[in-house]
Each structure stands twice: as C-alpha cells, then as structure tokens.
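User: Could you take a close look at one part of this model for me? I would like to go through the charged contacts and their surroundings.

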Amino acid sequence: MRHSPAGAPLAVRRPGGLRNHPAAAPLGALAAAVAASAYLYNTDPHQSGHWLPRCPFNWATGLLCPACGGTRLAYDLLHGDPVRAFHENALLMIASPVLLWMCGRWMVEGLRGRRWRPVLSPRAQYAVLGLAVVWTVVRNVR
C-alpha cells in the first residue's frame, strides 16, 4: 500500500470498477431488454419461421410450463393488445406489475450505489412454487 508524505494511506484504485458498480447489472439487463424488445417487435412469435427458442420444458414434455406464452405475451403488449396478451399467459400478465416494480427498484438502488436483492421468506417461496405448480396443472388440464 502506498502512503502520502504525511504517512496516511492513499486510496488505491482497483481495476474493473465500472463492472463492479451496483448499477452495472441492472443497466446491462435494461440494455438486453431493449435489444430483445426491438427484435421481438418485428418478429411475430405467433408465426413459425423465426429465430426464437422453444421452451425446453415444452420441448421435452409437450406440456406448458408456468412461463410458456411469455414471449407471445411480450409481443402482444409491445403491439398494444393486452387482451390477447392475457390469453397467452394470465399469471404472468397479473404478475407483470410486481416484476416491473422489482426491476425498477433494482435499477434505482443500483444508480444510488447500493446493491438490492429481493428477499422472500421461506413461506413466500413455497407460495410462489405452489402457485407455479397449480398454474402448470390448470394450464395443461384445460
């Protein structure tokens, strides 16, 4: 460690400071979301012949997972059709405001120089898991 002439330690700048900044991850996620939205806006997932990956759960089992329809939901919302988006995946549509709030909070805290991680109690984690399982069963029984 280097010291000033008075003997006090000098601050040492560490490499990779911007990569370690609390806002780096949320800003990177925002950039990826904007790029994905720009691509998705011009690519209709309701039609075949595009480059969008198939759900691995659906590919392996032929069943709909709790998030199946999320890409079509996003496409429909980008094109101003919330009713059709709701029919693609009602649970994701209902959860969207909470998910957007969490992403916004992550961004704001990162810009303020603080790291933020949502913490769910074990009880809430079981509730989310149970809801996902029930939604999967309901979607595949109809």
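User: Which residue forms a salt bridge with Arg 72, and how far apart are the closest N and O atoms?

Analyst: A short note on the basis comes before the contact itself. This is a predicted model, in which local features need pLDDT of at least 70 and side-chain atom pairs count only at pLDDT 80 or more, while totals for chains, interfaces and linings use all residues. Residues are numbered from 1 along each chain as its sequence is written, and side-chain values use heavy atoms, with hydrogens and water left out.

The partner of Arg 72 is Glu 88, with the closest N and O atoms 2.7 Å apart. A salt bridge here is a side-chain nitrogen of Lys or Arg within 4 Å of a carboxyl oxygen of Asp or Glu. This pair links distant parts of the chain: Arg 72 sits in helix α3 and Glu 88 in helix α4 (residues 82–88), 16 residues apart. Helices are DSSP runs (H or I, at least four residues), numbered from the N terminus. Glu 88 is buried, at a relative accessible area of 14%, whereas Arg 72 counts as partly exposed at 27%. The classes are buried under 20% relative accessible area, exposed over 50% and partly exposed in between, with a 1.4 Å probe and protein chains only.

The whole structure holds four salt bridges, so let us turn to Glu 109, which is buried with a relative accessible area of 10%. Glu 109 meets Arg 105 with the closest N and O atoms 3.5 Å apart; both lie in helix α5, four residues apart, about one turn of the helix. Arg 105 is partly exposed at 32% relative accessibility. Glu 109 also forms a salt bridge with Arg 114, at 2.7 Å from N to O, and Arg 114 is partly exposed at 41%. Through shared partners, salt bridges join Arg 105, Glu 109, Arg 112 and Arg 114 into one network.

Helix α5 (residues 90–111) also carries Trp 101, which pairs with Trp 116 in the loop between α5 and α6, 15 residues away. The ring centres are 6.1 Å apart and the planes at 90°, so the pair is edge-to-face. Rings of Phe, Tyr and Trp (its six-membered ring) pair if their centres lie within 6.5 Å, and planes under 30 degrees apart count as stacked, over 60 as edge-to-face and the rest as tilted. Trp 101 is exposed at 51%, while Trp 116 is buried at 16%.

Note on methods: Helices (H or I, at least four residues) and strands (E, at least two) are DSSP runs, numbered from the N terminus.
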